[in-house]
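Here is a short report for a reader new to this structure. Look at the chain first, then follow the text through its parts.

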Amino acid sequence: MLGRRKLCKFVIATTTDISKTQKRSLANCYFSGKYYDHGASYSPKVCVTCTCNDGRMECKRMNPETECPRLDCPKDKFIHIHGECCPICEGTDFCGQGHNCHHNATCFNLATRYACQCKMGFKGDGVFCEDVNECLVKGGIHGHHCNGQTKCHNTVGSYECRCASGIKPEDPYNCDEGKLSSPSTTTTSSSSSSAISVSMSLCLLLCALFSIKCVVGH
């Protein structure tokens with residue numbers, strides 16, 4: 001009589017399962033009293049870069065004579081930045097090489113780097129800038145200067161001083177509603193004044209011709 005056959009169980013691991021297992025097995029590194037994740041880099045000194053590789057910190061030294069970018073300026077114009085391996089040329093256009101300044105900011109070249117500054121009417125660190133609402137504060141650098149006759153209306157990057165009716169006066173800091181009118185009103189008023197002036201001139205001429213006493217206003 002044949003004995004019982006033992007059945008073997010096979011576990012088939014998919015590529016996805018293997019990939020997840022491998023990711024979990026990658027260990028971090030402990031170096032100079034600090035933990036580093038797999039793939040993280042650390043520079044213990046100038047021209048030396050150490051990278052964590054599955055629990056082991058691998059360090060590589062860079063030769064500045066052969067591995068740094070070639071500079072197109074004389075050696076007396078070289079600038080060595082503290083903590084950096086490769087020198088740069090004096091007067092380098094860092095902004096022209098690329099920057100992360102906000103579109104409402106201006107990039108400025110410094111001696112060894114660039115800086116971002118938000119434009120007038122905006123606030124932030126230069127990498128992020130948001131509109132300043134000048135109407136919230138009166139006076140100062142970030143406030144409005146509308147007087148009591150005008151009202152402040154905030155705009156993107158600036159503000160406007162308007163009259164109570166909403167009309168923007170010629171003098172942005174002074175509003176005289178009596179002098180403000182629409183173009184049609186101004187034209188009508190001007191035409192009426194011209195007609196009255198012509199009528200008075202004709203009246204005075206007739207009075208002089210016929211020796212009639214004229215009374216102004218009648």
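Start with a charged pair. In this predicted model, Arg162 forms a salt bridge with Glu160. The closest N and O atoms of Arg162 and Glu160 are 2.9 Å apart. Arg162 is partly exposed, at 26% relative accessible area. Glu160 is partly exposed too, at 22%.

The structure holds two salt bridges. Glu58 forms one with Arg56, and here the closest N and O atoms are 2.9 Å apart. Glu58 is partly exposed, with a relative accessible area of 34%. Arg56 counts as exposed, at 54%. Side chains of opposite charge can pair when their charged atoms come close.

The table lists both pairs.

| Salt bridge | Closest N and O atoms |
|---|---|
| Arg162 and Glu160 | 2.9 Å |
| Glu58 and Arg56 | 2.9 Å |

**The chain as a whole**

The protein chain has three helices and 13 strands. It runs to 218 residues, and buried residues make up 19% of them. Its accessible surface comes to about 17,300 Å². Carbon and sulfur atoms account for 55% of that surface. Take the contacts between residues at least 6 apart in sequence: 20% of these join residues at least 24 apart.

**Confidence**

How far does the predictor trust the model? The average pLDDT of the protein chain is 76, and 68% of the residues score at least 70. Over residues 7–13 the pLDDT is below 50. Beyond near neighbours in sequence, that stretch has one contact in the model. Residues 180–202 also stay under 50. For residues 180–202 the model has six contacts beyond four places in sequence. Where pLDDT is low, the predicted coordinates should not be read in detail.

**Nonpolar cores**

Which residues build the largest nonpolar core? There are eight: Cys95, Cys101, Ala105, Cys107, Cys116, Cys118, Phe122 and Cys129. Strand 8 (105–109) and strand 9 (114–118) are the elements that give two or more residues to this core. A second, separate core has six residues, including Cys29, Cys50, Cys52 and Met57. In soluble globular proteins, nonpolar side chains tend to be buried together.

Ala105 belongs to the largest core. Leaving out residues up to four places away in sequence, Ala105 touches Gln117, Cys118, Lys119, Gly126 and Cys129. Two of these partners, Cys118 and Cys129, are listed in that core as well.

**Two loop residues with positive phi**

Ser32 is not a glycine, yet its phi is positive, about 55°. Ser32 sits in the loop between strand 1 (29–31) and strand 2 (34–36). Is Ser32 buried or exposed? At 59% relative accessibility, Ser32 counts as exposed.

Cys47 also has a positive phi without being a glycine, here about 70°. The loop that holds Cys47 lies between strand 3 (41–45) and strand 4 (48–53). Cys47 is buried, at 13% relative accessible area.

Glu134 lies in the loop between strand 11 (129–131) and strand 12 (151–155). Glu134 is buried but has no salt bridge.

What does Glu134 contact instead, beyond four places in sequence? Its partners are Gly121, His142, Gly143, His144, Cys152, Asn154, Gly157, Ser158 and Tyr159.

Asp171 is in the loop between strand 13 (158–162) and helix 3 (183–209). At 38% relative accessibility, Asp171 counts as partly exposed. Asp171 and Cys161 are 10 residues apart along the chain, and 8.9 Å separates their C-alpha atoms.

Cys175 is in the loop between strand 13 and helix 3 as well. Cys175 is buried, with a relative accessible area of 4%. Cys175 and Gln149 are 26 residues apart along the chain. Their C-alpha atoms are separated by 5.3 Å.

Methods
Residues are numbered from 1 along each chain as its sequence is written. This is a predicted model: local features need pLDDT of at least 70, side-chain atom pairs count only at pLDDT 80 or more; totals for chains, interfaces and linings use all residues. Side-chain values use heavy atoms; hydrogens and water are left out. Helices (H or I, at least four residues) and strands (E, at least two) are DSSP runs, numbered from the N terminus. Buried means under 20% relative accessible area, exposed over 50%, partly exposed in between (1.4 Å probe, protein chains only). Contact means heavy atoms within 4.5 Å. Accessible areas come from the Shrake-Rupley method with a 1.4 Å probe; for residues, only the protein chains shown count as cover. pLDDT is the predictor's confidence in each residue, from 0 to 100. Lys and Arg count as positive and Asp and Glu as negative; His and the chain ends are not counted. A salt bridge is a side-chain nitrogen of Lys or Arg within 4 Å of a carboxyl oxygen of Asp or Glu. A nonpolar core is a set of buried Ala, Val, Leu, Ile, Met, Phe, Trp, Tyr and Cys residues joined through side-chain atoms within 4.5 Å.
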